[in-house]
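Take a look at the model below. We will follow it from a single side chain out to the helices and cores around it.

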Amino acid sequence: QLFEVLRGVSGIGPKAVLAISSLGTLDQLKNAIEKNDESFFKGIHGVGAKKIQKIILELTGKIKKFAVEKHVDDDAVHGLVALGFSRQRAREALSVVSSDIVDVQERMKQALKILAKK
């Protein structure tokens with residue numbers, strides 16, 4: 001998922017996206033973006049200072065939204081597992097739920113409807 005978010009930055013190819021995603025965890029990447037820490041991205045082959053500034057600018061909103069969605073889905077998975085569903089089935093059902101729904105309980109409710117159909 002992080003790869004797809006990074007891939008959405010215009011002008012950044014798949015090799016650079018892989019290099020960026022391998023720099024650290026999601027939290028480390030998020031912190032670097034929030035602090036506008038260009039040094040975090042140094043050393044990526046083919047990515048200069050201007051490109052790093054562009055990456056930080058474009059990812060500022062996207063990475064925050066991604067982090068929130070990931071946290072919400074983690075909570076929803078835990079809830080569905082507590083109801084007796086496997087972690088894999090819970091994740092599959094949640095992947096179908098619209099990303100516009102950000103409330104954990106509502107995401108679980110929609111996932112339960114999907115799981116009931118299977």
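In this predicted model, a polar atom of the R107 side chain lies 3.0 Å from the backbone oxygen of I101. R107 itself belongs to helix 6, which covers residues 104-117. Is R107 buried or exposed? Its relative accessibility is 5%. Buried means under 20%, so R107 counts as buried.

What surrounds R107? Leave aside its neighbours within four places in sequence, and R107 is in contact with V72, D73, L94, V97, S98, S99 and I101.

Helix 5 spans residues 87-96 and packs against helix 6. Their axes are 8 Å apart, at an angle of about 105 degrees. That angle makes helix 5 roughly perpendicular to helix 6. Which residues meet here? Helix 5 brings R89, A93, L94 and V96. Helix 6 brings R107, A111, I114 and L115. By class, this contact has 6 nonpolar residues, 2 charged residues and no polar ones.

Now turn to the nonpolar cores. In soluble globular proteins, nonpolar side chains tend to be buried together. The largest nonpolar core here has 21 residues. Within this core, L6, I20, L29, I33, F41, I55 and L59 touch the most other members. Helix 1 (2-7), helix 2 (14-21), helix 3 (26-34) and helix 4 (49-82) each supply at least two of its residues. Helix 4 gives the most, with 5 residues.

Zoom in on L29. Beyond its neighbours within four places in sequence, L29 is in contact with L2, L6, I20, F40, F41 and I63.

Definitions and conventions
Residues are numbered from 1 along each chain as its sequence is written. This is a predicted model: local features need pLDDT of at least 70, side-chain atom pairs count only at pLDDT 80 or more; totals for chains, interfaces and linings use all residues. Side-chain values use heavy atoms; hydrogens and water are left out. Helices (H or I, at least four residues) and strands (E, at least two) are DSSP runs, numbered from the N terminus. Buried means under 20% relative accessible area, exposed over 50%, partly exposed in between (1.4 Å probe, protein chains only). A polar contact is a pair of N or O atoms within 3.5 Å; within protein, one must be able to donate a hydrogen and the other to accept it, and residues adjacent in sequence count only if both atoms are side-chain atoms. Contact means heavy atoms within 4.5 Å. A nonpolar core is a set of buried Ala, Val, Leu, Ile, Met, Phe, Trp, Tyr and Cys residues joined through side-chain atoms within 4.5 Å. Axes are lines fitted to C-alpha atoms, for helices over the stretch in contact, and angles run from 0 to 180 degrees between N-to-C directions. Angles under 35 degrees count as roughly parallel, over 145 as roughly antiparallel, 65 to 115 as roughly perpendicular and the rest as oblique. Ala, Val, Leu, Ile, Met, Phe, Trp, Tyr, Cys and Pro count as nonpolar, Asp, Glu, Lys and Arg as charged, and the others, Gly among them, as polar.
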